Amino acid sequence: TREIVGNSAGIDLTLLIDSGTDSHSFQPSVQDILKISEADLFIYVGGESDNWVDGVLENAVNPQLCALNLLEALGDDAKAEEGDHDHGEEEEADEHIWLSLRNAEKLVQAISASIAGKDAENSDYYLKNAESYSENISALDREYEETVESAKFKQVLFGDRFPFLYLTSDYGLDHFAAFSGCSAESEASFAT
């Protein structure tokens, strides 16, 4: 979003989650809720970690507020979170969509369209920035692809929770993690 809006003076861009904050357990402050409620555009990942969003949007002060759920924007490209879904648990989408450069390219288009829709006067500027940023993402994607193609090993072992499903899928890497998904309530078995 920052790359798309560039140095547009009319945009007040706020990142709600501070660097180092665990996005899985984020709860908005009263000030955050007010800021969202008054916003013109609210962009969020969606999914289980953002269950709090619906209540905030229902009570928005700005009737023109546009909300962009990135998981929904990704559509059929969203992957089911890996893990144990026994006992009638509903399968959840893996929320770590930003860890895929290929998803990022798709999401840049959705974000730039939303921003341009809110500020039609400067839409060409936003769309040009989005195109430039997408080119950078594509170049980085090609570098990743070349690195993986030349790698001797194509398996990732991860000794923690596993947020890299999209990334490993993009480049055909096999993976194994001590914990499936990102649940803080899972425990590694002895076999694991």
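1. The protein chain exposes about 12,200 Å², of which carbon and sulfur atoms supply 48%; these areas come from the Shrake-Rupley method with a 1.4 Å probe, and for residues only the protein chains shown count as cover. Buried residues make up 32% of the 192 residues in the chain, where buried means under 20% relative accessible area, exposed over 50%, and partly exposed in between.

2. On provenance, this is a predicted model, in which local features need pLDDT of at least 70 and side-chain atom pairs count only at pLDDT 80 or more, while totals for chains, interfaces and linings use all residues. Residues are numbered from 1 along each chain as its sequence is written, and side-chain values use heavy atoms, with hydrogens and water left out.

3. The protein chain holds 7 helices and 4 strands, arranged along the sequence as α-α-β-α-β-α-α-α-β-α-β; helices (H or I, at least four residues) and strands (E, at least two) are DSSP runs, numbered from the N terminus. Its C-alpha atoms fill a box of roughly 55 × 40 × 30 Å along the principal axes.

4. Leucine 70, leaving aside its neighbours within four places in sequence, is in contact with Ile43, Tyr44, Val45, Ile97, Leu107 and Ile111, contact meaning heavy atoms within 4.5 Å.

5. The length of H6 can be checked: at 1.5 Å a residue its 27 residues should span 39 Å, and the end C-alpha atoms are 38 Å apart, which agrees; the expected span is 1.5 Å times one less than the number of residues. Among the buried residues of H6 are Tyr126, Ala130, Ile137 and Val148, together with Ser123, Ser134 and Asp141, and the buried residues of this helix pack against H1 and H5.

6. Alanine 178 lies in the segment after strand S4 (174-177) and, because its relative accessibility is 21%, counts as partly exposed. The C-alpha atoms of alanine 178 and alanine 191, 13 residues apart along the chain, are separated by 9.8 Å.

Definitions and conventions
Buried < 20%, exposed > 50% of the residue type's maximum accessible area, 1.4 Å probe, protein only.
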